[in-house]
Amino acid sequence: MDPELGNLTPRKKDSWKTTLLLAYQSLGVVYGDLSISPLYVYKSTFAEDITHSETNEEIYGVLSFVFWTLTLIPLFKYVFIVLRADDNGEGGTFALYSSICRNAKVCLLPNRQVADEEVSTYKLEHPKEETKNTNRMKVWLEKHKNLHTCLLVVVMLGTCMVIGDGVLTPAISVFSAVSGLELSMSKSHHEYAVIPITCFILVCLFALQHYGTHKIGILFAPVILAWLLCISALGIYNIVHWNPNVYQALSPYYMFKFLKKTRKQGWMSLGGILLCMTGSEAMFADLGHFSYTAIQIAFTSLVYPALILAYMGQATYLSRHHKNVSAYQIGFYVSVPEVVRWPVLGVAILASVVGSQAIISGTFSIINQSQALSCFPRVKVVHTSEKVHGQIYIPEINWMLMILCIAVTVGFRDTKHISNASGLAVITVMLVTTCLTSLVIILCWHKPPILALIFLLFFGSIELLYFSASLIKFREGAWLPILLALILLTIMFIWHYATIKKYEYDIENKVTLDWLLALGGNLGIARVPGIGLVYTDIISGVPANFSRFVTNLPAFHRILVFVCVKSVPVPYVPPAERYLVGRVGPMDHRSYRCIVRYGYRDVHQDVDSFENELIESLSNFIKVEGSQNKSLNRSSLNEEEEYSLTVIGSNSLKSQLSSVSIELQSEQDTIQLVRPKKQVRFFIEKNTSYEMDKAVREELEELFNAKESGTAFILGHSHVKTKPGSSILKKLAVDYGYNFLRRNCRGPDVALKVPPASLLEVGMVYVL
């Protein structure tokens, strides 16, 4: 498969060797967070609500809950069902939302086009025949606009909780690993050692983020493999040495016996038990880096058995030791033989760092996706690897996460409060995934609604049980993810709302094509050498910022290109399908429109490669159009026609993807622009129609000369205010909230990677 063409052909099935290698590599990226959960599950469960008694009913009940929770949620729900709800191989909250938006008109993204549905990654399979009930659900969702907003808010809520998990998981993971020191020193002393050491490790972890995980990621899989083998060996040792009959506690009977004895306190302790599935969402979120089969093999053959053995081993040890019943002595390390306690402590700290790295990288990724879909303020995204796609670093978010992690560690100072906070964030994300997957089952898989209802009720009821147990701990730490989610949700919703309103304002105030064509020398308007790239969000008409630019500076460039950089609800847009190019006005006006399409996981090019590819696309379009006019014997052009857009590949050799299939290369009359990174060639063909060839040649020469004269990037510098008479809530959101975010986030020139020396900003006031 040609990399320039993207995923135009079905992905070949990986060999077993490749699959096993991917399964091994997934240990360090996907399962770090889930693998270290034995460090704090029992300690959090027995922290306050229940106690470990001589009857062992509590410890056996907790073990039964852990076993069935791991079996039903990570194994059955994620591995066997949710992982199949991928979006062209990608997973996560936005992947589910993207799939739903492509199968039902519920997307709130602006500047949508029918042409977007022709992107090869938009739908990889032919749509299945919709059932009557599926069609009813689809029509009902599309009819009620309020449901579109509710759906987006649910997706945003899941995103906010993932970000909150990015704050809490590193804190509880590293803190729990370092707390093994408490068995080697007095209780009064270990508090003064554990907190500083935890904070130091967290600072080092976040300080190393800018290097990228590819430089240290080679050690991730061996560390997690060593950790899983370690806890498996400890589990087997404890089971054989203390109580080989502990397997009987896996029966669901012990769950009911546990709840019958502990009643309300047992229900409240479920907030600690749910931490055993922390990190399950990573299996789905990181699906794009691996494969369904690889993740399934890694979990079912190694991770799941190792976790079950670890929890059984801890329960076995505690069932024979009832004197040390305080939370201080009921943690993971108490069941570790003293001979190997220090090596296990070292491996645990390394594993906690790897687990924290996975959720930090996931936080960067989901913020980048939110930003691509206009749901998050613009931030600087640094791609840390040229070879591995998707490895990014966001400086602002990184330092904010570090500050919040340290604040949580110092503020709470124990695993009880941190686990209460982390548990609520984890279970909320799972609830969001369950709701979205139910819609995917109906709208994308075209299954009967009764199956989606069964899925929703079965897994949703389990997760609601855990959610209620976490929510009841509001005053004991669960308030933190709620507070973070409210702040982040407010920021995301304000940004998205203002972005949509600005787009609507641009549509209402765009200038007609007649106005553009009327600009000429008789009005004192000059055409200067060079290329002017006018950035806009609209996909038709002349943007208002250009009319304001010409009003204040009566001149514009000889080659004028209206550029719209937009997001499409797919993970990736193949490079050969990225550019939609059309003409604005007659041929001699030299004005074009170029729509540049990116998926929510695509990497935006640097300005040099983007400029070169855009100009190459323009040259290809000119030649395609010239040959098309010749084949249609078009002798005259409608001067007021804005031609339809044509897909132009980023490589002239790939022009077969366009709507016209012709050969663009010629061995004669080539004009070359030599660049350090890439060559841009304009090929002028020799045909029998001299007049058409002459026009095409002249236009290409003008494009070449304009490129030599330089390129200017014209962007709008916006200020937003509300209309007189607007509600107080709207004024607070727009006049204060949005403008504060706009002033304190990265500008569009940074997001688009525009060089400052070539930037022209046009002041615009948006009255919403």
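How many salt bridges does a search of the whole structure find? Let's work it out on this predicted model.

**Exercise 1. Count the salt bridges, then examine the one between Lys257 and Glu57.**

*Step 1.* Searching the whole structure gives 14 salt bridges.
*Step 2.* For Lys257 and Glu57, the N to O distance is 3.8 Å, and the criterion asks for a nitrogen within 4 Å of a carboxyl oxygen.
*Step 3.* Now place the partners: Lys257 sits in helix α11 (residues 253–268) and Glu57 in helix α4, so the pair links distant parts of the chain, 200 residues apart.

**Exercise 2. Describe how helix α4 packs with helix α14.**

*Step 1.* The axes of α4 (residues 57–80) and α14 (residues 292–319) are 10 Å apart, at an angle of about 175 degrees.
*Step 2.* Angles over 145 degrees count as roughly antiparallel, and therefore α4 is roughly antiparallel to α14.
*Step 3.* Contact residues include Leu63, Phe67 and Leu70 of α4, and Phe299, Tyr304 and Leu307 of α14.
*Step 4.* Sorting the contact residues gives 19 nonpolar, four polar and no charged.

**Exercise 3. Find the surface patch that includes Ile454.**

*Step 1.* Ile454 lies in helix α18 (residues 449–471).
*Step 2.* Together with Ile450, Leu451, Leu453, Leu456 and Leu457, Ile454 forms a nonpolar patch with about 540 Å² of accessible area.

Conventions:
Residues are numbered from 1 along each chain as its sequence is written. This is a predicted model: local features need pLDDT of at least 70, side-chain atom pairs count only at pLDDT 80 or more; totals for chains, interfaces and linings use all residues. Side-chain values use heavy atoms; hydrogens and water are left out. Axes are lines fitted to C-alpha atoms, for helices over the stretch in contact, and angles run from 0 to 180 degrees between N-to-C directions. Helices (H or I, at least four residues) and strands (E, at least two) are DSSP runs, numbered from the N terminus. Angles under 35 degrees count as roughly parallel, over 145 as roughly antiparallel, 65 to 115 as roughly perpendicular and the rest as oblique. Contact means heavy atoms within 4.5 Å. Ala, Val, Leu, Ile, Met, Phe, Trp, Tyr, Cys and Pro count as nonpolar, Asp, Glu, Lys and Arg as charged, and the others, Gly among them, as polar. Patches are made of residues with over 30% relative accessible area and no salt bridge: like charges are joined within 9 Å, nonpolar side chains (Val, Leu, Ile, Met, Phe, Trp, Tyr) within 5 Å. Accessible areas come from the Shrake-Rupley method with a 1.4 Å probe; for residues, only the protein chains shown count as cover. A salt bridge is a side-chain nitrogen of Lys or Arg within 4 Å of a carboxyl oxygen of Asp or Glu.
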